[in-house]
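Hi everyone, thanks for coming.

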Amino acid sequence: MSIDPGRAPPAEIGTLVVGGGILGMCVAGFLAAEGRDVAVIDDGGIGGTIANAGSLHVQMQSRFMRLYPHLVAGVEASLPLYKRAVAFWHEFTAALGADVDLKMTGGLMVAESREQLDFLAEKVRREVALGLRSEILERDALHRIAPYLGPAVVGAELCYEEGKLNPLLANAAIRAWATGSGVVLVEGVAVDRLTRVASGFRAETARGTVTAGRVVLAAGSGTRRLAACLGVNVPAEPEPLHMNITEAAAPLIGHLVQHADRPITLKQLGTGQIVIGGGWPAHVGGPRRHPTVEAASLVGNATLAQHIVPRIGRARIIRTWAGLNTTVDGKGVLGPVPAVPGLFVAVPGDAGYTLGPLSARLVADTVLDRPPEIDLAPYSPARFGPLEA
Amino acid sequence: MTIEIEFEGERLAARVGESLAAALTAAGVRGFRTTRDGAERGVFCGMGVCQDCLVEVDGRPNQRACMTKVDRPMRVAREAHARPLPPRAEGLPPTTADGLALRTPELLVVGAGPAGISAAIAARRAGAEVLVLDERSQAGGQYYKQPAVDGPGIAAPDAQHRAGRALIDEAVALGVEILAGATVWGAFAPAEFLASTGGGTLRLTPRATIVATGAYERGWPVPGWTLPGVMTTGAAQTLWRTARRVPGRRVLIAGNGPLNLQLAAELIEGGARVVAVVEAAPRPGPRATGDLLAMATASPDLIMDGLRYHARRRAGGAAMIHGMVVGRVEQANGGLRVTLRAAGGGATGPAFEVDTLCLGYGFEPSNELTRALGCAHDFDPARRQLAVRRDADGRTSLPGVFAIGDCTGLGGARAALAEGTIAGLAAAADLGHAAAAPLAAEGRRARADLARHRRFQAALWRLYAAPPYDTALADRDTLICRCEEVSLGAIEAALADGLTAIGAVKRCTRAGMGRCQGRYCAPVLDALLATRLGRPRDEYSGFAPRVPVKPIAIEDLARTPRP
C-alpha cells in the first residue's frame with residue numbers, strides 16, 4: 001500500500017464504515033472478507049481503540065457498578081456476551097494467525113475488608129448463576145497464587161474467564177488483515193455531514209463526497225452526531241479515563257487485577273511494562289478538544305497501585321494518557337436502524353475493546369442479511385426515544 | 001575529598017559532590033546498562049534526559065548516574081532491561097493530590113539557568129515572592145553549572161563559573177528561594193505542577209509561572225551513535241565543568257557551533273588529547289567578514305573567547321576540520337573508530353580511533369512543560385523546531401504562564417539573561433508589583449541587550465550554517481529511537497504499510513514510547529514524515545505531549561518530600 005496521506009474517499013462504495021477503531025476495522029474486515037466493497041473513514045488521532053489498554057473484562061467491573069448503579073441490570077444481562085467475546089478474541093486472532101500477546105491469566109478483584117469480600121461473594125454467586133467461572137479466594141489461597149499482592153489485601157474474587165492482550169499488536173494485526181482483505185482506508189479526515197439520497201447515503205468530507213449503499217456508524221461517542229444527521233438518536237457519551245504505564249520489569253503480575261471498592265485495573269504486558277488504569281477521570285480540553293490527563297487521577301491511581309502491589313512502588317511511570325471510553329446505557333448499540341434502511345450502528349457496551357471483534361461480527365452479519373449468532377434485539381438502536389430537537 | 005564507592009563489587013575512589021557518572025567515567029567505566037536487545041549503553045546526554053546511564057544504587061533500580069550525586073558510600077551495579085522489581089513488604093497508604101505537600105508561591109520559576117535566575121532576581125527586586133525549582137543538585141543550569149568538587153590539584157572555578165556564582169548569590173541574597181534537586185515532571189492546565197524532590201512529591205499552584213527549562217542536545221542518528229563512549233558535547237562539558245573529570249584520554253569532538261570549540265579548549269586544559277574538532281559548517285571564507293564584524297560589534301568579548309579557544313586548541317594539537325560530519329562509529333581496539341563524511345552527503349573522509357566521541361549538533365528546546373500545559377507553539381522553519389508563542393515580555397498564550405530562554409528556541413545564555421530580566425519584571429507587574437524607576441530602566445536596558453544578542457546569534461548561525469539534521473546518514477539498522485531500539489528500517493516498514501500519522505507510527509513501531517519520551521526520535525521522525533508526505537510540520541505534527549516529562553517512581557508519589 002502506498003503512502004497517500006491526502007487520500008480522498010472513493011466516489012461510490014457499497015458499504016461505508018465511519019470510524020476506524022476496533023469495531024469499524026473489524027466490521028469492514030469481515031465484510032471485505034466476504035467480497036463486499038467497503039471503505040473506512042477515520043478522522044484519526046483521537047479515539048478509544050488507539051488509547052486502549054488491552055484488558056479483557058468479563059466479570060462486572062466494580063467501577064461500573066459504583067458509577068452507574070442504575071445500569072447494572074443491563075450489564076448483568078450482557079455477561080454471557082462478555083464471556084463469548086473473550087472466546088471470540090481467541091478464535092479471531094487464531095484465524096488472523098497473529099500473536100497479540102493474548103493471555104488468559106484470570107482476573108482478580110481484590111478486597112481489603114470482610115465487607116468488600118462479602119460483596120464479592122454475592123457478586124460471584126450471581127455471576128456463576130449466569131454461567132461464569134468465578135470463585136472467592138481467602139487470604140492464604142490468594143497470596144499463594146498472587147504473592148505479589150500486599151498485606152492490605154485480605155481476599156479476592158478470581159474470575160477464570162478474564163485475560164489481557166497487547167492492543168498495539170492487536171490493532172496492527174487487524175489493520176493489516178483488513179487492508180489485505182481489500183478495505184479502502186481513508187484516514188485523517190472526518191465525515192462532516194451525512195444525508196440520505198436515493199441510492200443510499202451521502203457522506204461529505206473535506207476531501208470529497210462519497211455515496212454509499214449502506215453506512216455503519218462505528219465512531220464511538222462520535223456516533224451520536226452522525227446518527228443525529230439522519231434523525232436517529234444514539235445517546236453515546238465520551239468518557240475520558242486516565243491511564244499510566246511504567247518502564248519494563250521482570251514478570252511479576254500474571255493476573256488482570258481490579259479492586260472491589262476502588263477504581264483500579266492493573267496488569268503487566270508481555271513487554272514487562274505495568275499498565276495502571278481503572279476509571280480515574282480525564283477530561284477533554286485544549287483547542288483541539290483532546291482527552292487530557294489530570295494530576296489528581298495520576299496521584300490517586302498510581303499510589304493505589306503500590307498500595308495493592310507494593311513492589312510497583314519501585315517502578316517508574318514513563319507515560320500517562322487519557323483513554324476514551326464510550327458510555328450509552330450499559331449495553332452496546334448494535335445492528336440495523338429500523339427507521340433508516342441501510343443504516344447500521346456498531347457501538348459496543350462498557351469495556352468496548354473486549355467486546356469489539358464479537359460485536360463487529362454480529363453487526364457484519366446483519367449487514368450481510370444473515371442472522372447473527374446472538375440475538376441483537378436487546379442491543380437494537382431502536383430502543384432510544386426520538387431525537388430531541 | 002574522596003569517598004569510596006562500590007561498583008560491581010569493586011571499590012572505586014570518588015570525589016565527594018561529583019555525579020556517579022563522573023566517578024564511573026573517571027574509573028574507565030563506559031557501559032552503564034544493557035538494553036532489551038543486549039546492547040551496552042553509557043553516559044550520553046549527561047543531563048538527565050536520555051536515561052541511558054541508568055544504574056542500580058543501593059538497591060534502587062533505574063537511577064540516572066548523571067543526576068546522582070556521590071555524597072555517601074554507595075553500592076552501585078549496572079542496570080539491565082526489565083529486572084525484577086525489588087521486594088517491598090508493604091505499600092504506602094494511597095494518597096490524593098490534595099494529600100500532597102503543597103506550595104503556593106506567588107511566582108514559580110522552573111529552571112535555575114541564566115534565564116530563570118535572572119527572571120527570579122528581577123521579579124524579586126520588584127517585590128514578588130519567588131520560588132525557583134531546578135532538577136540539578138546545584139543551581140546554574142547548563143551554562144552556569146557550578147563546580148561540585150574542590151581540593152588540591154583540582155582546577156579552580158573560571159570566569160564563567162564565577163559569573164554564575166555571583167548571579168545565584170545575588171538571587172539568594174535578595175530572598176529568592178531556590179530548591180535544587182527538584183524535578184518538575186508534571187504540568188496541568190491552567191496552573192498546577194508536580195515535582196519530585198527529597199524522595200517525595202511536591203504540588204505547586206503558583207499565581208504565575210516562568211518556564212525556563214533550557215534545551216537539550218540533539219542526537220545524531222548515524223551507525224554506532226548509541227555506543228558507550230559516544231556522548232554529547234554538553235555531557236562531556238558537564239564532566240569537566242562540574243567534576244573536573246575528562247570523558248576519556250583520546251577525544252574527538254564533532255558537531256556544529258561554537259560550544260564544541262569551547263569543549264576542546266576545556267578538555268585540553270583537563271589533560272585529554274583532543275585529536276580534532278570536526279565542524280559541519282564550511283570554513284568561513286571572505287564572505288563571513290560581515291557576520292564576524294556584526295558579532296564583534298555586538299559582543300566583542302565573545303569573539304575574544306572564541307579566539308582564545310582556537311589558540312588553546314592549536315596549542316593542544318587538535319586539528320580543525322570544516323565541512324565534515326560524523327558518518328559512522330564502530331567499536332575498535334577497546335575504543336571507538338569514527339569515520340567522517342563530507343557534510344551534506346558525499347565522500348567518506350578520514351577516520352580516527354579515540355576513547356570518546358563528543359557530538360554537539362545543536363539543541364532542541366525543552367518545551368515539554370509548555371506543551372503539556374497547552375501553550376500555543378509555532379514551528380520555526382529556520383531552526384526546524386517548535387517555538388512557544390509569546391509576546392515581547394515572554395507571556396505565552398496561557399494567562400500567567402511565561403516562557404523564556406532556550407526552551408523557547410535557542411538564543412544563547414546572554415539573550416536568556418536579558419529575557420529573564422524582561423519577563424521577571426513583567427510577571428511581577430502582572431502580579432501587582434510595579435517596578436520603581438531604576439528597575440524599569442534596567443528593563444529597558446535588557447531590551448536593548450536582547451536586541452544586540454539576537455543580532456549576535458543571527459550572525460553566528462549564518463556563519464555556522466550547516467546542512468539539516470536528518471536520516472541521510474542512517475542505514476536500515478541505525479536506531480532512530482534509542483529507548484525502544486527502533487531502527488530506520490522498522491520505521492520505513494511502517495511507512496510502507498501506509499501509516500501516515502506520527503502517532504500511528506509510534507504505536508506500530510514503539511518509536512517514542514520509551515523513557516526519554518521521544519526527545520531524540522520525535523524531531524527526526526516528524527521531519528521524515530513531513531518530507532515523505534509533503535506536509536508542513538506544526539505544533540500537532542509531532543508526538544502529543546505526555547506527562548510525566550521525566551519518569552517518576554511511584555513510591556515517590558506517595559511520600560512527603562524530606563526537607
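I'll start with the ground rules, then go through domains and the chain contact.

So, this is a predicted model: local features need pLDDT of at least 70, side-chain atom pairs count only at pLDDT 80 or more, and totals for chains, interfaces and linings use all residues. Residues are numbered from 1 along each chain as its sequence is written, while chains are lettered from A and ligands numbered from 1 in the order in which they are written.

Okay, chain B. We've got domain 1 (2-78), domain 2 (97-216 + 364-462), domain 3 (219-361) and domain 4 (470-563); those bounds come from an automatic or database domain assignment. Between the centres of domain 3 and domain 4 of chain B, over C-alpha atoms, there's 27 Å. Eight residues of domain 3 of chain B touch 11 residues of domain 4 of chain B, where contact means C-beta atoms, placed from the backbone, within 7 Å.

Now the two chains. Chain A puts in 48 residues and chain B puts in 48 residues. On the chain A side, H8(A) gives the most, with 11 residues. Helices here are DSSP runs of H or I, at least four residues, and strands are E runs of at least two, numbered from the N terminus.

Pairing takes at least two DSSP bridges between the strands. Look for A:Arg316 there, which sits opposite B:Ala553 in E31(B).

Notes: Contact = placed C-beta atoms within 7 Å.
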